[in-house]
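User: I'd like to learn how to read a few features in a structure. Can you walk me through them?

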Amino acid sequence: MARNGATPRKRSFAQLKGAAISGTFLFHSKRDFGTTTLTMPTQITYSPLLLVLLAALFTPIKSLLAQPAEDLSNTIELKVIKGVAVQKQNIEYFHHILEEALELNDEGITYSLKQVDFEYPQNRTLRLLNQKGALDITYSMTSPFREKAYIPIKIPLLNGLYGKRKLVVLAENKALFESLSEEQLKNKVACQGANWPDYDRLKENGFKVYGVSEFDANFKMLASKRCDYIPRGLAEVEWEMALFQAKYGEIATVDNIMLSYDAPVYFFTGKQNEKLAAVVQKGLKHLYDEGRLDELLKATDAFAYDRDFESQPSLRVYHLH
C-alpha cells in the first residue's frame, strides 16, 4: 500500500523519455519501518553525458533500422591463388596487373581479390577454374589444351620471358654443357613438370624428358643424376638458383645456350566466367596499347634476370617450334 493510500502510477514511455532528457527521474523506492513498508518517491539527477546515452536508449528501434545500409551491390570478390611463399613476389606482380585492368571497367564495379591457398600441381589448380566458387582467375603459360579447357585472355603478360630458357646443371657439368650442339643436347635428359606445357614442347622437338610431379623434384632429380639439366625461364632461374643451391648441392647455369620457343603467359578464367574474361580483356588491352605492361615489367624486381644475356655474342639459341 502506497503512502496516503494511493496506488503508485506507472509512467508512460513518452514520460520516461522526457524525464531522461530533462535529467530527473522520480522512482518509487521501498522503505521498511518496523512492520510497515512504505513506498516513497525518489528523485535522481543524471550527468549530461548519461542523459545523452539514456536518450539514445529510448530512441525507437524502427528509426535505427531506417538508417541506410552500406551499398555492396557494386562490389565483387574474386578468388585468386595465394601460391607458395617463394612465389610471393611473382604472384603479387600478376595480381597488381590484374587489379589495374579491373579498375578500368566502365560499369562502376569495385573488384577485390581474395587469395585462396591451393598447393596443387599446375593442372589441378587450373581445373578449379571450371568449378563454380573455387577459383575465378589465374595466370599460366598457355597451351592448346588450356585454351580449349578454359577461357584464355590473350594479352601476353611477360613479353615471352617464360619461353626463353637457360639450362640449370650440376656445377661439375657446366663446362661440358657449354660445348654441346643442339643434337648433342637432345641426347641428354631434361627434367620438367609432367603437367607443364614445356614437357610436351620438348618432347615434340626431339628432346629426352624426365617428367616430375612436384616443382622441387626437378632439382632433387638433378642432384641425384636422374636427369642432366633443367630448362628454366629467364624470369625464374635467378631466384631458383638462390633457393636450391644450398639444398641440393652445387648447381650452375649454362651461360652460352638458350632454348627459345613461343610461350606467352596469359590470364585464364573458367568457362562460366565469360563476363569477367571480357572485363579483364578490355582492361589489359588498354594497358598493353598504352605501354603500361611494358613499363611494369621493366620496373619490377619480381623477376630478377640478366637483361644482357640475350645480346652476348657467344650465345647459341636453339629455337623450338
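Analyst: Let's begin with charge pairs. Side chains of opposite charge can pair when their charged atoms come close. In this predicted model, Asp 289 and Lys 285 make a salt bridge, at 2.8 Å from N to O.

User: Where do Asp 289 and Lys 285 sit relative to each other in helix 12?

Analyst: They are 4 residues apart in helix 12 (residues 274-289), so about one helical turn separates them. Asp 289 has a relative accessible area of 49%, so it is partly exposed. Lys 285 is at 43%, so it counts as partly exposed too.

User: Which residue does Glu 295 form a salt bridge with?

Analyst: Glu 295 pairs with Arg 292, with the closest N and O atoms 3.5 Å apart. Both lie in helix 13 (residues 292-299), 3 residues apart, about one turn of the helix.

User: How many salt bridges does a search of the whole structure find?

Analyst: The search turns up 17. There's also a network of salt bridges linking Arg 165, Asp 198, Arg 232, Glu 236 and Glu 240.

User: And how do I read helix packing?

Analyst: Two packed helices are described by the angle between their axes and the distance between the axes. Take helix 10 (residues 215-223) and helix 11 (residues 237-248): the angle is about 50°, and the axes are 11 Å apart. The two helices are therefore oblique to each other, and helix 10 passes helix 11 in a right-handed crossing.

User: Which residues in helix 10 and helix 11 meet?

Analyst: From helix 10, Phe 215, Asp 216, Phe 219, Lys 220 and Ala 223; from helix 11, Glu 240, Phe 244, Lys 247 and Tyr 248. By class, that contact has 5 nonpolar, no polar and 4 charged residues.

How values were computed. Residues are numbered from 1 along each chain as its sequence is written. This is a predicted model: local features need pLDDT of at least 70, side-chain atom pairs count only at pLDDT 80 or more; totals for chains, interfaces and linings use all residues. Side-chain values use heavy atoms; hydrogens and water are left out. Axes are lines fitted to C-alpha atoms, for helices over the stretch in contact, and angles run from 0 to 180 degrees between N-to-C directions. Angles under 35 degrees count as roughly parallel, over 145 as roughly antiparallel, 65 to 115 as roughly perpendicular and the rest as oblique. A crossing is left-handed if the near helix is turned anticlockwise from the far one by less than a right angle, and right-handed if clockwise. Contact means heavy atoms within 4.5 Å. Ala, Val, Leu, Ile, Met, Phe, Trp, Tyr, Cys and Pro count as nonpolar, Asp, Glu, Lys and Arg as charged, and the others, Gly among them, as polar. A salt bridge is a side-chain nitrogen of Lys or Arg within 4 Å of a carboxyl oxygen of Asp or Glu. Buried means under 20% relative accessible area, exposed over 50%, partly exposed in between (1.4 Å probe, protein chains only).
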